[in-house]
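Subject: Structure for you to look at

Hello,

Here is the structure I promised. Please open it and follow along with the notes below.

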Amino acid sequence: MKILGIETSCDDTGAAIYDTGNGLLAHGVADQLATHAEYGGVVPELAARDHIRKLAPLVQSVLGEAGLTTSDIDGVAYTRGPGLAGALLVGAGYGRSLAWSLGIPCVGVHHMEGHLLAPMLEQNKPAFPFLALLVSGGHTLLADVQGLGRYQILGESLDDAAGEAFDKTAKLLGLGYPGGPVLAKAAERGDPARFRFPRPMCDRPGLDFSFSGLKTFALTTIQNSDDSEQTVADIAWAFQDAVADTLVLKCKRALKQTGHKRLVVAGGVSANAELRKRLSALADSLNAEVFYPRLEFCTDNGAMIAYAGAMRLLAGESQGEGFDIKPRWPLAEIS
Ligand code: KG4
Ligand code: ZN
């Protein structure tokens, strides 16, 4: 069964073909960095218009790369939510219409389920059950994953998501957009001994997160320092150090609490090299194994939606001729 996956929840247009027999056949992402860079963040209306321009040509190019035409597809999966309403509507409208015109099933996928299952596209894939740390621009959560659609949320961010904190802090440091990768790059030259940021919510029990205080701490530190390149790098290091430490500590707690020996880490921030290094050390110390998507599937992409959609279709799920989007859709409410 060959499934076309479509991702348009935010500022990346993604498309991919996943074959349940032969794995991933082709995938492509068209980013919108040039569209949003001058605004320092994603402008929802511009994102939607960009998806309209890019989606159909991207689907054609992915089909061509796989040596297929639309008549070879057996099903369509699109991101139903959460995300920006206008952006989601582009993928949902296109995907549902294409499936209808071809007379094939269609399914709307939860964006975070897509991230969560992205490591399944790798050769060394995790078996259920496992602990999942999802760290993206919109979400930070820990979930006990028993199987497809069986996600118990153990903790989540009470304010900013980890990626959002990276983006906001990078903006304060004048590092540009998107903040995660540029801040991580600047941190490479940082002096670990110069600043120390707090570890939010680590001194009390529980698995929830809070990252908005780090951004405020960064602002105060910036206001009380010079603006040299070295200082920017030192603050970037201290911020990343605090986020990574906090995420690792909560993963350690959650692994102990659940008894899981497999940890899946996904979402844009899972691309962070320092975080990966520390989580791998944690896994080693607990005799556990950690699984990540390949770097290009950490951030938004069509492959994870094609895979999650294929699993949903195989499980017998398929929607009728109508479609809807869910801009707000907690993972806990997924069935
Ligand atoms: O999963 P994603 O592409 O989109 C959402 O679903 O939100 O995640 C994007 C987020 C952004 O906040 C971006 O700054 C962050 O992931 N990110 C990173 C890195 N690469 C992307 N954060 C830290 N280090 C990175 N290397
Ligand atoms: Zn995402």
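Predicted model: local features only at pLDDT ≥ 70, side-chain atom pairs only at ≥ 80, totals over all residues.

Start with helix 8 and helix 9 (residues 273-285). Their axes cross at roughly 30 degrees and come within 9 Å. Helix 8 and helix 9 are therefore roughly parallel to each other. The crossing of helix 8 past helix 9 is right-handed.

Helix 7 (residues 212-223) packs against helix 8 (residues 229-258) at an angle of about 160 degrees, and their axes are 11 Å apart. That angle makes helix 7 roughly antiparallel to helix 8. Here, too, the crossing is right-handed. Helix 7 contributes Leu214, Thr221 and Ile222, while helix 8 contributes Ile235, Phe239, Ala242 and Val243. The count is 6 nonpolar, 1 polar and no charged.

Last, the metal. Which residues hold the zinc ion (ligand 2)? The protein donors are His111 (NE2), His115 (NE2) and Asp300 (OD), lying 2.0 Å from the ion. Their spacing in sequence is H-x3-H-x184-D. His115 sits in helix 4 (residues 111-117), and Asp300 lies in the loop between strand 10 (289-291) and helix 10 (302-314). The two are 185 residues apart, so find both in the viewer. Both His115 and Asp300 are buried.

Best wishes

Technical notes:
Residues numbered from 1 in each chain as written. Chains lettered and ligands numbered in written order. Heavy atoms only, no water. Donors = N, O, S within 2.8 Å, 3.2 Å for Na, K, Ca; no water. Helix = DSSP H or I, 4+ residues; strand = E, 2+ residues; numbered from the N terminus. Buried < 20%, exposed > 50% of the residue type's maximum accessible area, 1.4 Å probe, protein only. Axes fitted to C-alpha atoms, helices over the stretch in contact; angles between N-to-C directions. Parallel < 35°, antiparallel > 145°, perpendicular 65-115°, else oblique. Left-handed = near helix turned anticlockwise from the far one by under 90°. Contact = heavy atoms within 4.5 Å. Nonpolar A, V, L, I, M, F, W, Y, C, P; charged D, E, K, R; others polar.
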